[in-house]
Amino acid sequence: MSADASRSPSRLPDPPDNRSNPLFEEEQLYIAPGSQSISLNSRLVIDHGEGVFLTDATGRTFLDFFSGVTVGSLGHCHPKYVSALTEQLQKVTFGSFTTAPRVRFMKALSEVAPGNLRRTHLYSGGSEAVEAAMRLAKAYTKKFEFIGFWGGFHGKTGGVLGMIGDHFKHQRGPLPPGVYSVPYANCYRCPFQASHPSCSFLCIDFLRKFIRHNTSGSIAAIVVEPIQGTAGNVIPPSGFLKALAEVAREAEALLITDEIITGFGRTGKMFCVEHEGIVPDIMTIGKGMGGGFPVSGLISTDEIVSAKPFSIPSASSSSYGGNPLAAAACLVTLETILEEKLVENSRSVGEWLLEQLRELENRYPFVGQVRGRGLMIGVELVRDKKSKEPFSGQGTKALFQLALKEKMILMITNSVIRINPALILSREEANLGLEKLKKIFDTLEKDRLYRE
Ligand SMILES: Cc1ncc(COP(=O)(O)O)c(C=O)c1O
């Protein structure tokens with residue numbers, strides 16, 4: 001029997017002892033299945049958080065490199081955030097009337113948004129915002145087809161489902177007609193087996209042919225994440241977004257960039273498209289924008305948002321969109337990002353961390369690629385560097401449990417560690433994370449758990 005074959009799941013690290021957390025078990029009696037894997041696999045019961053740390057009900061404190069899938073831009077319980085929301089709670093909490101924080105937020109956002117994007121609509125969840133952007137694109141172009149990308153993720157509601165480039169769509173049909181997905185510029189795993197730059201963007205060439213052969217020529221918009229988050233913080237090479245903008249123009253379609261993860265400083269610029277010098281027609285925003293409050297939105301130009309029926313009164317509103325609490329959360333988050341120079345912090349701490357993590361590519365046989373921009377870093381885990389065979393579910397589970405033992409919360413999707421800590425992360429905290437990661441990787445290598 002080979003060393004690998006001798007490893008049975010029973011030899012994987014034990015999950016952390018959560019028997020003292022009966023609340024988790026109790027919740028399982030009432031919660032419907034299907035909630036976030038990170039919650040189910042960790043079985044954590046959280047008591048409180050501070051900065052980039054979370055403390056559970058048994059008093060264990062974890063370094064949070066997950067930030068609620070990037071929503072926690074200011075970290076946990078930032079004093080300015082707590083104070084602004086407390087103040088707003090005591091004034092007014094619901095309703096769609098104009099409030100001072102909403103005006104101040106939208107004005108401030110229009111000042112930091114790229115190009116002439118200056119008109120905002122607020123919603124509550126990411127998929128709701130992307131669906132609104134699709135409705136707006138239909139209203140403006142009077143066309144109805146959409147193109148997304150393999151690996152792309154824009155939520156789980158019916159309208160966006162067709163654009164998700166993943167098996168997540170399986171068994172969820174029928175999918176909306178006229179919604180397609182095409183290969184993204186994921187060069188580490190190029191679907192064309194080509195390499196950049198000698199490929200001259202085969203994926204863009206394919207997209208042009210796809211539009212010609214597979215659509216009815218009525219493309220309302222191309223919808224793209226400037227860096228794919230859920231796919232594993234996948235960064236397309238420079239030039240990809242510009243080329244997409246070009247294809248959109250040729251097809252007389254809009255370019256919608258989904259910055260729900262990448263916006264508000266995550267990648268070391270206020271918005272990720274700034275790295276490429278392009279201005280989309282519509283940008284969807286959320287997650288880090290509200291610092292944890294469930295708020296999302298879209299931003300576009302005067303001309304585009306005026307399109308009917310999107311612009312008819314009540315045609316684009318929602319019950320909670322832009323309510324007083326959401327607006328206060330967005331305002332304090334954006335003001336704090338600017339006051340505390342968190343975009344710059346994301347860039348400099350992110351660059352430092354990326355440099356350190358890149359050294360791990362040579363040190364461990366299972367670190368296939370380390371990539372990142374700002375505090376959006378991906379560590380691609382492979383069973384074998386040559387074949388790039390991804391970690392199995394068992395290997396990923398082992399790593400996740402080792403991280404918990406090291407008191408670190410890591411998100412791993414598609415065999416990629418997604419490092420997305422709060423933008424307030426200091427160099428010392430980044431180093432703490434790095435040291436923990438090395439310890440986890442040492443154990444993984446010593447016990448050859450990556451071969452699981
Ligand atoms: C880029 C992007 N868009 C949209 C969504 C959907 O957001 P929500 O889960 O709030 O519907 C997500 C969620 O992760 C996302 O990453």
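# Notebook: strands, domains and the ligand shell

**Entry 1. Strand β9.** I began with strand β9 (residues 282-285), where Ile 282 and Thr 284 point one way and Met 283 and Ile 285 the other way, all of them buried. I note at the outset that this is a predicted model.

I then looked up the partners of β9. On strand β8 (residues 254-258) the pairing with β9 is parallel and rests on three bridges. Within this pair, Asp 258 has Thr 284 as its bridge partner. With strand β10 (residues 296-300), β9 runs antiparallel, and four bridges join the two. Here Thr 284 stands opposite Leu 298, and Met 283 stands opposite Ile 299.

Entry 2. I located one of the pairs: Phe 53 has Leu 63 in β3 as its bridge partner.

**Entry 3. Domains.** The domain assignment of the protein gives domain 1 as 18-77 + 342-451 and domain 2 as 92-339. I found the C-alpha centres of domain 1 and domain 2 to lie 26 Å apart. The contact takes 27 residues from domain 1 and 27 residues from domain 2.

Which elements of domain 1 supply at least two residues each to the side that touches domain 2? I listed α3 (67-70), α12 (342-363), β11 (367-373), β12 (376-384) and β16 (416-419). Of the elements on this side of domain 1, α12 gives the most, with five residues. By class, the side of domain 1 that touches domain 2 has nine nonpolar, 12 polar and six charged residues.

**Entry 4. The ligand shell.** I counted 14 residues around the ligand, the closest being Gly 125, Gly 126, Ser 127, Gly 155 and Ile 260. By class, the shell holds five nonpolar, seven polar and two charged residues. Helix α6 (residues 126-141) gives the most to this shell, with three residues.

Gly 126, one of the closest residues to the ligand, lies in helix α6. Is Gly 126 buried or exposed? I recorded Gly 126 as buried, because 26 other C-beta atoms lie within 10 Å. Leaving aside neighbours within four places in sequence, Gly 126 is in contact with Gly 155, Ile 260, Gly 286, Lys 287 and Ser 296. As a distance along the fold, the C-alpha atoms of Gly 126 and Phe 310, 184 residues apart along the chain, are separated by 18 Å.

**Entry 5. The loop between β6 and α8.** I turned to Asn 186, which is placed in the loop between β6 and α8 (202-214). Asn 186 counts as partly exposed because it has 19 C-beta neighbours inside 10 Å. Not counting residues up to four places away in sequence, Asn 186 touches Gly 151 and Val 234. The C-alpha atoms of Asn 186 and Ile 235 are separated by 7.1 Å, although the two are 49 residues apart along the chain.

Pro 197 is also in the loop between β6 and α8. The peptide bond that joins His 196 and Pro 197 is cis, with omega about 5°.

**Entry 6. Further backbone checks.** I noted a cis peptide bond from Lys 308 to Pro 309, with omega near 10°. Pro 309 lies in the loop between α10 (302-305) and α11 (324-339).

Where does a positive phi occur in a residue other than glycine? Cys 77 has phi near 50° and is found in the loop between α3 and α4 (79-89). Lys 341 likewise has a positive phi, of about 50°, and is found in the loop between α11 and α12. Cys 77 counts as partly exposed, with 13 C-beta neighbours inside 10 Å, and Lys 341 is partly exposed, with 13 other C-beta atoms within 10 Å.

Notes
Residues numbered from 1 in each chain as written. Predicted model: local features only at pLDDT ≥ 70, side-chain atom pairs only at ≥ 80, totals over all residues. Buried ≥ 20, exposed ≤ 12 C-beta atoms within 10 Å, placed from the backbone. Pairing = 2+ DSSP bridges. Domains from an automatic or database assignment. Contact = placed C-beta atoms within 7 Å. Nonpolar A, V, L, I, M, F, W, Y, C, P; charged D, E, K, R; others polar. Near = placed C-beta within 6 Å.
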